[in-house]
Amino acid sequence: MAMSGGIDSTAAALLLLEQGYDIVGCTFHTRYTKPASLRAAQALAERLSIEHHVLDLDERFQSCIVDYFCDEYMSGRTPNPCVRCNREIKFGELLRVADSLHCDGIATGHYARIVQQPTEECNRYFLQMAKDETKDQTYFLWQLSQEQLSRIIFPLGDFTKSEVRAYLAGKGFEELSHQGESQDICFIADDYRSFLKEYATSHSEMSKAFVEGDYRNAEGQIVGRHQGFANYTIGQRKGLGIALGSPAFVTNIDTSRNEVFVGSYEDLLRTSLTLHNICFYGNPSQPVLARIRYRSKAVEASIEFGSRNDCTLTFATPVWAITPGQSCVLYQDNCVVGGGIIE
């Protein structure tokens with residue numbers, strides 16, 4: 001059981017104990033782990049009388065997640081660190097530890113469900129959206145393998161967040177039940193730009209990402225100076241530091257020329273995109289619902305597969321601010337049927 005000491009992992013652990021499972025708790029530790037979180041997880045394990053292990057993943061996390069996160073921004077792209085972390089760290093490493101401790105499966109406090117359905121090839125495990133669609137986390141889990149899904153339990157998939165809080169309060173965890181939400185990126189306490197700048201100071205080849213350059217409009221005219229392309233992402237409006245007489249958004253980032261393009265809201269509307277590293281195991285004759293970022297509404301789209309490991313999605317209605325580096329996750333019947341990385 002992955003344990004952070006927070007609301008969701010605590011509720012998940014309690015539910016599994018009630019269902020008769022024997023639990024071994026595991027908490028990941030990196031240089032970014034808050035001591036209070038580690039103490040909370042250890043205190044919970046002691047309170048529940050379960051075995052608990054602290055797993056030092058600092059070097060692995062730094063090389064696999066943090067370096068990737070910074071490299072993508074330095075390349076003018078916007079990464080999804082949580083997607084990679086779930087596949088490689090949270091579930092990849094957790095399965096390795098589970099095997100070493102002779103555990104049959106792993107569990108976390110994610111809001112998602114797993115179902116098994118027949119396909120032409122086999123009975124396949126699918127991620128299914130959680131009961132609480134406002135907290136659903138399947139977007140971040142789309143890269144999990146069949147091996148991982150076959151051994152995962154998501155105890156909170158059939159609960160809403162308010163039901164989880166009420167459940168905890170009823171089990172004597174009144175104070176914890178009122179705890180706030182965790183931050184989106186666990187290794188960044190404040191603004192990610194400050195984190196990137198600090199990272200770049202120790203990686204001299206990346207300092208170019210913070211060199212001032214030109215803003216250009218849709219016609220290619222220079223309209224101002226930017227503070228380094230790593231400070232920007234597609235669709236960004238705040239913090240541009242320019243006044244054009246109407247709302248301006250980042251529409252493109254040209255790292256080779258150190259130029260950031262700005263335009264109107266309408267300039268960011270698109271009807272298609274290209275995905276690479278595509279995986280798809282749904283019904284190819286049926287449309288999909290595609291989500292181009294975690295908080296965006298899923299939009300109906302058709303798929304045209306390329307000759308390589310890529311595809312083109314064509315949307316039924318225009319979507320806004322398609323962002324290279326982000327995941328696009330594909331759904332059919334509330335189940336994840338694939339995904340890819342936006343080019």
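# Notebook: strands, charges and cores

I note here that the model is predicted.

**Entry 1. The sheet**

Strand β7 covers residues 213-216 and strand β10 covers residues 259-263. The two pair in the parallel sense, over 3 bridges. A reminder to myself: strands of a sheet pair through backbone hydrogen bonds, either parallel or antiparallel.

Next I asked in what order the strands of this open sheet stand. I read β8-β7-β10-β9, so to speak from one side to the other, for 4 strands with mixed pairing. Which strands stand at the edges? They are β8 (222-226) and β9 (249-254). Each has a single partner strand, so one side of each has no neighbour in the sheet. On average it is 30°, with direction ignored.

**Entry 2. Salt bridges**

How many salt bridges does the count come to? I have 16. My reminder on charge: side chains of opposite charge can pair when their charged atoms come close. I looked up several of them.

I took D58 and R31 to start. Their closest N and O atoms are 2.8 Å apart. D58 belongs to helix α3 (residues 58-74), while R31 sits in the loop between β1 (24-29) and α2 (35-48). The pair therefore ties together parts that are 27 residues apart in sequence. R31 is exposed, at 52%.

Then I turned to E72 and R77. Their side chains meet in a salt bridge of 3.0 Å, N to O. E72 is buried, with a relative accessible area of 16%.

D99 and R151 came next. Their side chains also meet in a salt bridge, at 2.8 Å, N to O. D99 lies in helix α5 (residues 92-100). R151 lies in the loop between α7 (146-149) and β6 (152-153). This pair ties together parts 52 residues apart in sequence. D99 counts as partly exposed, at 42% relative accessibility. R151 counts as buried, at 16%.

I closed this entry with a network. Salt bridges link R60, R87, E88, E93 and R96.

**Entry 3. Helix α4**

Which residues of α4 are buried? In this helix (residues 81-90) I listed P81, V83, C85, N86 and I89. I then checked what covers them. The cover includes β1, α3, α5, α6 (138-141) and β15 (327-332).

**Entry 4. Cysteines**

I searched for disulfides. The count comes to 0. C82 has its nearest cysteine sulfur in C186, 6.8 Å away, and is in no disulfide. At 26% relative accessibility, C82 counts as partly exposed.

The cut-off for a disulfide is 2.5 Å between sulfur atoms. C328 is buried, with a relative accessible area of 0%.

**Entry 5. Nonpolar cores**

My reminder first: in soluble globular proteins, nonpolar side chains tend to be buried together. The largest nonpolar core here has 61 residues. F69, M74, F187 and L196 have the most contacts inside it. Helix α3 gives the largest share of this core, 8 residues.

I picked F69 and left aside its neighbours within four places in sequence. What is F69 in contact with? I found P79, P81, I185, F187, I188, Y192, F195 and L196. There is also a second, separate core, of 23 residues. M1, M3, L15 and L168 are among them.

**Entry 6. I114**

I ended on I114, which lies in strand β4 (residues 113-118). At 25% relative accessible area, I114 is partly exposed. Again I left aside neighbours within four places in sequence. I114 is then in contact with Y125, F126, L127, L149, I152 and F154. How far apart are I114 and G157? In sequence they are 43 residues apart, and in space 8.5 Å, C-alpha to C-alpha.

Terms used
Residues numbered from 1 in each chain as written. Predicted model: local features only at pLDDT ≥ 70, side-chain atom pairs only at ≥ 80, totals over all residues. Heavy atoms only, no water. Pairing = 2+ DSSP bridges. Axes fitted to C-alpha atoms, helices over the stretch in contact; angles between N-to-C directions. Salt bridge = Lys/Arg side-chain N within 4 Å of Asp/Glu carboxyl O. Buried < 20%, exposed > 50% of the residue type's maximum accessible area, 1.4 Å probe, protein only. Contact = heavy atoms within 4.5 Å. Core = buried A, V, L, I, M, F, W, Y, C linked by side-chain atoms within 4.5 Å.
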